[in-house]
Amino acid sequence: MKSRDSGHRISRALVMLAATSIIAAACGSDSKSAATTPAAATTGATTPAAATTPAATTPAATTAPAATTAPAGTTESVNTLLDTNHDGKVVFGIAAAGPADDGAYYQAVVDAAKQLSTENGFEAPIVVDNIQAADAATAIGDLAQQNVDVIIVGASEIAEPLPDLISKYPDIFWYCNCGAGFPANPGLAQSTDHGSEIGYTAGYATGLKLKEKGGDSAVIIGCCDLGFEKQAYMSFELGLKAVDPSYTQTYVQSGDFPFDFDNTANATAALQTALDNGVDAVYPYLGGALKPVVQAANTAGIITMSAGSSKVCTDGGGLKYDIAVKFDGGDYVKAVMKLIIAGTFKEGDIKQFKVGVDPEPGAIICNATAEQQTAMDAVYKQIASGDLDAEFGKIDGIAFAPT
């Protein structure tokens, strides 16, 4: 746990950093329509625009201050404040569970750290990706020893060793984009979201696209039926059937347990099986395997969507997306920086991003029609009002029940 002086120093540093450069910065079955179906190939996959963003959820534009002057009352520069190990440099360390170039969930955080460093003249971030849960303590510990000042942990799946690491390296500022959540720690800043809220909007948006294009079925291709996956596909089905009760979805495992969202061979084979069965939409709840699945879906002409990235409607990297399912770690970091500026987010705090309340999470339809946009706006308001909390609570209870 950080000393009081160290904690205040880092918080002040981050306030200054955020004030000088606002940056772009998560990671559940029931009836036969959500049956778990084995992939056609051997096992393996990762976790995981804007055409028309829901009016009620469009982020306000931000303008970074032109100068990088120090906060009132101090003559220290940004670099001095952030140089917590006093080596004359500012270095960010990024710990990612999947590929740093997956074009989805993991890459969003990596790109945000690179942008931050470039804009402020810091050293290039040190990125360690493809970290397996079993190796997280060693990999993140090695990262902590590379003279980094801030470590951003990209997902809760590799967060288990953090309490020991925070104690061992108290001068580092530790931040986790912890998706489904991680136990509170006075030395760890966290952002989380509610997977059931996001999954519901993804299912509802898919239902609207099925209604537009014709068709009645969707497949979700994931890893290995983890709790947050159950939460995602159960809430997706709830949203899908809210559009039309006759619509169905199937969840397919494509990875090795646990946390294998990168198996391209299995994921693409699973999609082909679904296509052979006449599927009309795919939600590739993947990391490293996402882009190959989206490419295959584009070739087949079916509805497809992102898993995390908020930018795919306007920048799909050469791929076409119909829906952006947003739980973008880069966007979360940007929002957290704003809260630090306001003095409302400190070390030990946890920020949960809420659909319909915060602009960052939730699905949007790329190039939505006026009718579709009105329907999505209404869903966001319904979620924000709490009308669906009881249903989400049931899903969460099943998804995370002890096995």
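Student: Starting with Cys-223, is that residue buried or exposed?
Tutor: Cys-223 is buried, because its relative accessible area comes out at 0%; here buried stands for under 20% relative accessible area, exposed for over 50%, and partly exposed for anything in between, computed with a 1.4 Å probe on protein chains only. Keep in mind that this is a predicted model, in which local features need pLDDT of at least 70 and side-chain atom pairs count only at pLDDT 80 or more, while totals for chains, interfaces and linings use all residues. Residues are numbered from 1 along each chain as its sequence is written, and side-chain values use heavy atoms, with hydrogens and water left out.

Student: And which residue does Cys-223 form a disulfide with?
Tutor: The partner is Cys-224, and the two sulfur atoms lie 2.2 Å apart, which meets the rule that a disulfide is a pair of cysteine sulfur atoms within 2.5 Å. The torsion about this S-S bond is 60°, and the link of Cys-223 and Cys-224 is right-handed. Cys-224 counts as buried too, because its relative accessibility is 7%.

Student: How many disulfides does that rule give?
Tutor: The count comes to three disulfides, and with the bonded cysteines counted along the chain, they follow the pattern 1-2, 3-4, 5-6. One of them joins Cys-176 and Cys-178, with 1.9 Å between the sulfur atoms. Its S-S torsion is about 100°, and therefore the disulfide of Cys-176 and Cys-178 is right-handed. Cys-176 counts as buried because its relative accessibility is 0%, and Cys-178 is likewise buried because its relative accessible area is 0%.

Student: What about Cys-313, which residue is that joined to?
Tutor: Cys-313 is joined to Cys-366, at 1.8 Å from S to S. The torsion about that S-S bond is about -75°, so this disulfide is left-handed. Cys-313 sits in the loop between β10 (303-304) and β11 (323-326), and Cys-366 in the loop between β13 (362-365) and α11 (370-385), so the pair ties together parts that are 53 residues apart in sequence. Helices (H or I, at least four residues) and strands (E, at least two) are DSSP runs, numbered from the N terminus. Both Cys-313 and Cys-366 are buried.

Student: Switching to helix α9, which of its residues are buried?
Tutor: Helix α9 spans residues 290-300, and Leu-290, Val-293, Val-294 and Ala-297 are buried in it. Viewed down the axis of α9, these buried residues fall within an arc of 100°, so they line one face of the helix; the arc is taken over the directions from the helix axis to the C-beta atoms.

Student: What covers that buried set?
Tutor: The cover includes β7 (217-222), α8 (264-276), β9 (281-284) and β10, where contact means heavy atoms within 4.5 Å. Just after α9 comes Gly-301, which takes a positive phi of about 75°.

Student: How far apart are the axes of α7 and α12, and at what angle do the helices pack?
Tutor: Helix α7 (residues 227-243) and helix α12 (residues 389-399) have their axes 8 Å apart and pack at an angle of about 145°. The axes are lines fitted to C-alpha atoms, for helices over the stretch in contact, and the angles run from 0 to 180 degrees between N-to-C directions.

Student: Which residues make the contact?
Tutor: From α7 they are Gly-227, Lys-230, Gln-231, Met-234, Ser-235 and Leu-238, and from α12 they are Glu-391, Phe-392, Ile-395, Asp-396, Ile-398 and Ala-399. By class, this contact has six nonpolar, three polar and three charged residues, with Ala, Val, Leu, Ile, Met, Phe, Trp, Tyr, Cys and Pro counted as nonpolar, Asp, Glu, Lys and Arg as charged, and the others, Gly among them, as polar.

Student: On to the backbone: which peptide bond is cis, with omega near -10°?
Tutor: That is the bond from Phe-257 to Pro-258, and Pro-258 has its place in the loop between β8 (248-253) and α8.

Student: And where is His-86, which has a phi near 60°?
Tutor: His-86 is in the loop between α2 (78-82) and β2 (92-95), and its phi is a positive value in a residue other than glycine. His-86 counts as exposed because its relative accessibility is 58%. Asp-225, which is not a glycine, also has a positive phi, of about 60°, and is found in the loop between β7 and α7.
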